[in-house]
Structures are given as C-alpha cells and as structure tokens.
Amino acid sequence: MREFFSGLPWWVKWVAVPVIALVVFGGLIASVVGFVIGLLFKLLVFVALVGGLVYVVRKFTASSSSRGDW
C-alpha cells in the first residue's frame, strides 16, 4: 500500500483521497454523528428529569417531615 501511494503527488494523498472518502462514507459518518448527538441529548434530558424528580421529592419530604404528624 505504501508503494502504491509513493508514486502519487502530495495533493492526491492529502486532498483527493480524503474528499473521495467523505463522498463515499459521508452519509454513514453523518448518521453515526447524528446518532451519537441524539443519544447524548437524550441522556442529558434523562439526567435533568431524574435530578428534578429527586429535588421535588426531597423538597416535599422535607416540608412534610417538618410539619410533624398530621
């Protein structure tokens, strides 16, 4: 493989080959990046909802325990 690229000009190795790779695999790369970003967003929403639930439960349990028995 090294001998194959050694006879080619620099612009073929560093410009043309990456551009061709992006054209061929661009859809795959975009879908993987979109999936990862969507997963991170869902994880962030999950953490925020769980944190909010814990906050609300602690606030209500603290206020109900401070009132004493009903």
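Me: How is the radius of gyration taken here, and what is the globule rule beside it?

Reply: The radius of gyration is taken over C-alpha atoms, and the globule rule is 2.2 Å times the number of residues to the power 0.38. In this predicted model, the chain has a radius of gyration of 27 Å, whereas a compact globule of 70 residues would come near 11 Å.

Me: What does the C-alpha trace span along its principal axes?

Reply: About 85 × 20 × 15 Å. For the secondary structure, count two helices and zero strands; helix 2 covers residues 10–67.

Me: Why is Gly51 called partly exposed?

Reply: Partly exposed is the class between under 20% (buried) and over 50% (exposed). Gly51 has 38% relative accessibility, so it counts as partly exposed. Thr61 is partly exposed too, because its relative accessible area is 44%.

Me: Which backbone oxygens does the side chain of Thr61 reach?

Reply: A polar contact needs a pair of N or O atoms within 3.5 Å. Thr61, also in helix 2, has a polar side-chain atom 2.9 Å from the backbone oxygen of Val57. The side chain of Thr61 also reaches the backbone oxygen of Arg58, at 3.1 Å.

Note on methods:
Residues are numbered from 1 along each chain as its sequence is written. This is a predicted model: local features need pLDDT of at least 70, side-chain atom pairs count only at pLDDT 80 or more; totals for chains, interfaces and linings use all residues. Side-chain values use heavy atoms; hydrogens and water are left out. Helices (H or I, at least four residues) and strands (E, at least two) are DSSP runs, numbered from the N terminus. Buried means under 20% relative accessible area, exposed over 50%, partly exposed in between (1.4 Å probe, protein chains only). A polar contact is a pair of N or O atoms within 3.5 Å; within protein, one must be able to donate a hydrogen and the other to accept it, and residues adjacent in sequence count only if both atoms are side-chain atoms.
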